[in-house]
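Try each task before you read its solution.

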Amino acid sequence: MPFVNIRITRDGATAEQKKALIEGVTQLLVDTLNKNPATTTVIIDEVDTDNWGVGGRTVTDLRSEAK
């Protein structure tokens, strides 16, 4: 009974993109580990960029400086 948790920043992933992630990860587990797709759970957590840090800095700050 695989459980996959995907965390991405909340900045515009569409419903179609999230659906593709869920389908793709499920199929990867089927193809690679012969897991049953009916018992595979995939959850996508979206995190505000103010709540995601890299190298001691928020993603919000990093992205604003990269522009």
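What follows is a set of tasks on this chain, each with a worked solution.

**Ground rules**

This is a predicted model, where local features need pLDDT of at least 70, side-chain atom pairs count only at pLDDT 80 or more, and totals for chains, interfaces and linings use all residues. Residues are numbered from 1 along each chain as its sequence is written, and side-chain values use heavy atoms, with hydrogens and water left out.

**Exercise 1.** Find where Pro-2 sits and work out which residues Pro-2 touches.

Step 1: Start with the record. UniProt, in an unreviewed entry, lists Pro-2 under "active site"; its positions are given in the numbering used here, feature names are shortened, and annotations may be inferred rather than shown by experiment.

Step 2: Pro-2 belongs to the segment before strand 1 (3–9). Helices (H or I, at least four residues) and strands (E, at least two) are DSSP runs, numbered from the N terminus.

Step 3: Check the accessibility. Pro-2 comes out at 14% relative accessibility, so it counts as buried (buried means under 20% relative accessible area, exposed over 50%, partly exposed in between, with a 1.4 Å probe and protein chains only).

Step 4: List the contacts (heavy atoms within 4.5 Å). Not counting residues up to four places away in sequence, Pro-2 touches Leu-29, Lys-35, Thr-39, Thr-40 and Thr-41.

**Exercise 2.** Which parts of the chain do the salt bridges Arg-7 to Asp-45 and Asp-11 to Arg-63 link?

Step 1: A salt bridge is a side-chain nitrogen of Lys or Arg within 4 Å of a carboxyl oxygen of Asp or Glu. The structure has six of them.

Step 2: Take Arg-7 and Asp-45, whose side chains pair at 3.7 Å, N to O. Arg-7 is in strand 1 and Asp-45 in strand 2 (residues 41–47), so this bridge ties together parts 38 residues apart in sequence. Arg-7 is exposed at 56%, while Asp-45 is partly exposed at 28%.

Step 3: Now Asp-11 and Arg-63, with an N to O distance of 2.2 Å. Asp-11 is in the loop between strand 1 and helix 1 (15–33), and Arg-63 is in helix 2 (residues 59–66), so you're looking at a link between distant parts, 52 residues apart. Asp-11 is partly exposed at 44%, and Arg-63 is partly exposed at 37%.

**Exercise 3.** Where do Lys-19 and Glu-23 lie, and how many residues apart are they?

Step 1: Both are in helix 1, four residues apart, about one turn of the helix.

Step 2: Lys-19 is exposed at 52%, and Glu-23 is partly exposed at 47%.

**Exercise 4.** Which residues make up the largest nonpolar core?

Step 1: Recall that a nonpolar core is a set of buried Ala, Val, Leu, Ile, Met, Phe, Trp, Tyr and Cys residues joined through side-chain atoms within 4.5 Å.

Step 2: The largest one has six residues: Ile-6, Ile-8, Val-25, Leu-29, Val-42 and Ile-44. Strand 1, helix 1 and strand 2 each supply at least two of this core's residues.

Step 3: Zoom in on Ile-44. Leaving aside neighbours within four places in sequence, Ile-44 contacts Ile-6, Ile-8, Lys-18, Leu-21 and Ile-22.

**Exercise 5.** Is Thr-49 buried or exposed?

Step 1: Thr-49 is in the loop between strand 2 and strand 3 (53–54).

Step 2: With a relative accessible area of 17%, Thr-49 is buried.
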